[in-house]
Amino acid sequence: MVFVMWAIRPKGEKYDITNEYERVPTMFSIKLHHGGNFTKLPNTKYVKGEVRYIDLVDIDEFSVHELDAMMLELGYSVPPVIYYHFRIPHEDLDFGLKALGNDDDVLNLA
């Protein structure tokens, strides 16, 4: 049996997770954009997608396999091939996207 601590926040719900995160500094939330696509360079945008938040993610337990599980929970079938990326804070989508495909990439995210 696999124990999952993270939780997908219900659509539209505001949730103050500050108290949770103060007690466990390895926890974070993911703002997950999915179901859309990127426009072409320059001024890349992500369009026609949805946004969901995943709370109570522990960076010590986080992996691409966990991301696959989150996508399954959102109703996607994994596989087919899904490419994951994260944006470097304060960078744009033209040059601030980094691949998230293996454990080394997860360490880069952390």
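Visitor: Which strand does serine 29 lie in?

Guide: Serine 29 lies in strand S2, where strands (E, at least two residues) and helices (H or I, at least four) are DSSP runs numbered from the N terminus. The model is predicted, so local features need pLDDT of at least 70 and side-chain atom pairs count only at pLDDT 80 or more, while totals for chains, interfaces and linings use all residues. Residues are numbered from 1 along each chain as its sequence is written, and side-chain values use heavy atoms, with hydrogens and water left out.

Visitor: Why is serine 29 called partly exposed?

Guide: Buried means under 20% relative accessible area, exposed means over 50%, and partly exposed is in between, with a 1.4 Å probe and protein chains only. Serine 29 has a relative accessible area of 27%, and therefore counts as partly exposed.

Visitor: What does serine 29 touch, not counting residues up to four places away in sequence?

Guide: With contact taken as heavy atoms within 4.5 Å, serine 29 touches Arg9, Ile17, Tyr21, Ile54 and Asp55.

Visitor: How do you know whether arginine 9 and aspartate 55 are buried or exposed?

Guide: Arginine 9, at 13% relative accessibility, counts as buried, and aspartate 55 is buried as well, with a relative accessible area of 3%.

Visitor: How many salt bridges does this rule give?

Guide: The count comes to two. Lysine 11 forms a salt bridge with glutamate 50, the closest N and O atoms being 3.2 Å apart. Lysine 11 is in the loop between S1 and H1 and glutamate 50 is in strand S5, 39 residues apart, so that this pair, too, links distant parts of the chain. Lysine 11 counts as exposed at 59% relative accessibility, whereas glutamate 50, at 38%, counts as partly exposed.

Visitor: Why do S1 and S2 stand at the edges of the sheet?

Guide: Two strands pair if DSSP finds at least two bridges between them. Two bridges join S1 to S5, which run antiparallel, and S2 and S5 pair in the antiparallel sense over seven bridges. The three strands form an open sheet in the order S1-S5-S2. S1 and S2 each have a single partner strand, so one side of each is left without a neighbour in the sheet.

Visitor: What lines the largest pocket, by residue class?

Guide: The lining divides into 21 nonpolar, eight polar and two charged residues, where Ala, Val, Leu, Ile, Met, Phe, Trp, Tyr, Cys and Pro count as nonpolar, Asp, Glu, Lys and Arg as charged, and the others, Gly among them, as polar.

Key:
Salt bridge = Lys/Arg side-chain N within 4 Å of Asp/Glu carboxyl O.
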